[in-house]
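Here are my notes for your first look at this one. Keep the viewer open beside you and go through the points in order.

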Amino acid sequence: MSQRRFHLVLNVNSGTVQALGVTSDTLKAMFAAHGLEVTIDADPHTPLSDRIRNAVDSDADTIIAAGGDGTVTALATAIIHSDKNLAILPLGTANLLARDLGMPLDLDEAIGALRDMEPLAIDVSEVNGTIFLHKAVIGVIPELAAGREYIRGQGFSAKIGFIRYFFRRISRARRLALEITTGEGRSRIERVQAIAVASNAYDEGLGRFFHRDKLDTGLLTIYVLRHLRAGDVFRLATGMLAGHWRDYDALDISTARSVTIRSKKPRLQLMIDGEVQSMEAPLRFKIYPRALSVLAPLQAVKKEIADEQSETTGAQGQPA
């Protein structure tokens, strides 16, 4: 196989990028040390949309997102259904997709691993025309996330203040009345503290906190949280860390290929792949099966092939 052509888009405003002191020069040196050639765009003065367009128009077969989950999603949006691959350098706070793919989280190891990675087709989801790779959350969670962003980079006293705000907001939060309708026509009214629509499903298991083992089922997973008091936060968090949270009594889980969420409110606040924004209701969700090609470690690709073969064998073995 000929060597891949990499075009890297660096988000210099990422908190992790700044904390690690990552620059265009340091990245170029790290790629060279692994025998890889790369074109790096680290221009902070050009709008990200223009930089992404330049990346898509380049002759590179692989576009590298060097930043957080928001940067990854922005680049993924541009190359869906194209002949280009997406690759990730985990330079964010959560690095959710990189973790799902089993990528090294150390920067130098991640660069070195690019040589042996192979393309993997994964699902992509959408709400009202906005693409997401992980989940969209409605309710009290986006408000808390907005408060977290406000104190980012501030001192210890601000963080203590946010903890107080967190529990005060949780104790006073009102539930939202939402109508949830799936593409199959099933509809119900729920009063919720929060609702998340995820691309595929989060797994249980010790230490598997917001981890997805399967990224290509073609299904949205809907998590309805009916109440979220201070005690619920502790029980749910410890349950997720311990690997048994699906049976939590305040949580309802279902799947669908599409879902519409209606509210009496004209607009709803969402957290989409970690970014908070406001959208006009109703919210219409759908999923595009295997619409994005992303470079993944070889073991992840081999596992996917084995799963496909197992499913095919199982289907062939069933009676007609």
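**Notes on the model**

1. Let's start with R212: its relative accessibility is 1%, so R212 counts as buried (buried means under 20% relative accessible area, exposed over 50% and partly exposed in between, with a 1.4 Å probe and protein chains only). Before going on, a word on the source: this is a predicted model, where local features need pLDDT of at least 70, side-chain atom pairs count only at pLDDT 80 or more, and totals for chains, interfaces and linings use all residues. Residues are numbered from 1 along each chain as its sequence is written, and side-chain values use heavy atoms, with hydrogens and water left out.

2. What does R212 meet in a salt bridge? The partner is D100, at 2.8 Å from N to O (a salt bridge is a side-chain nitrogen of Lys or Arg within 4 Å of a carboxyl oxygen of Asp or Glu). R212 sits in the loop between β10 and β11 while D100 belongs to helix α5 (residues 96-101), so the pair ties together parts that are 112 residues apart in sequence. Helices (H or I, at least four residues) and strands (E, at least two) are DSSP runs, numbered from the N terminus. D100 is buried as well, with a relative accessible area of 11%.

3. Have a look at R51 and D41, another salt bridge, with the closest N and O atoms 3.1 Å apart. R51 is in helix α3 (residues 48-57) and D41 in strand β2 (residues 38-41), 10 residues apart. R51 is buried at 5% relative accessible area, and D41 counts as buried at 13%.

4. Searching the whole structure turns up 13 salt bridges. Among them, K214 and D216 pair at 3.6 Å, N to O, and D216 is buried with a relative accessible area of 10%. There is also a network of salt bridges linking R188, E190, R226 and D252.

5. Now find N200, in the loop between β10 (194-199) and β11 (220-225). Is N200 buried or exposed? Its relative accessibility is 1%, so N200 counts as buried. A polar atom of the N200 side chain lies 3.2 Å from the backbone oxygen of L215. Leaving aside neighbours within four places in sequence, N200 is in contact (heavy atoms within 4.5 Å) with residues including D123, K214, D216 and I287.

6. Strand β3 (residues 62-67) deserves a stop: six of its six residues are buried, so β3 is largely enclosed by the rest of the structure. In a regular strand, side chains alternate between the two faces of the sheet. Here T62, I64 and A66 point one way, I63, A65 and G67 the other.

7. Who runs alongside β3? Strand β1 (residues 6-10) is parallel to β3 and joined to it by five bridges, with F6 opposite T62. Strand β4 (residues 85-90) is parallel to β3 too, through six bridges (two strands pair if DSSP finds at least two bridges between them). N85 is the bridge partner of T62 in β4.

8. Last, trace the open sheet of six strands, in the order β12-β11-β10-β7-β14-β15, with antiparallel pairing. Its edge strands, β12 (251-256) and β15 (275-280), each pair on one side only. Inside the sheet, three bridges join β7 (residues 135-139) to β14 (residues 267-272), and I138 stands opposite L270.

Methods:
A polar contact is a pair of N or O atoms within 3.5 Å; within protein, one must be able to donate a hydrogen and the other to accept it, and residues adjacent in sequence count only if both atoms are side-chain atoms.
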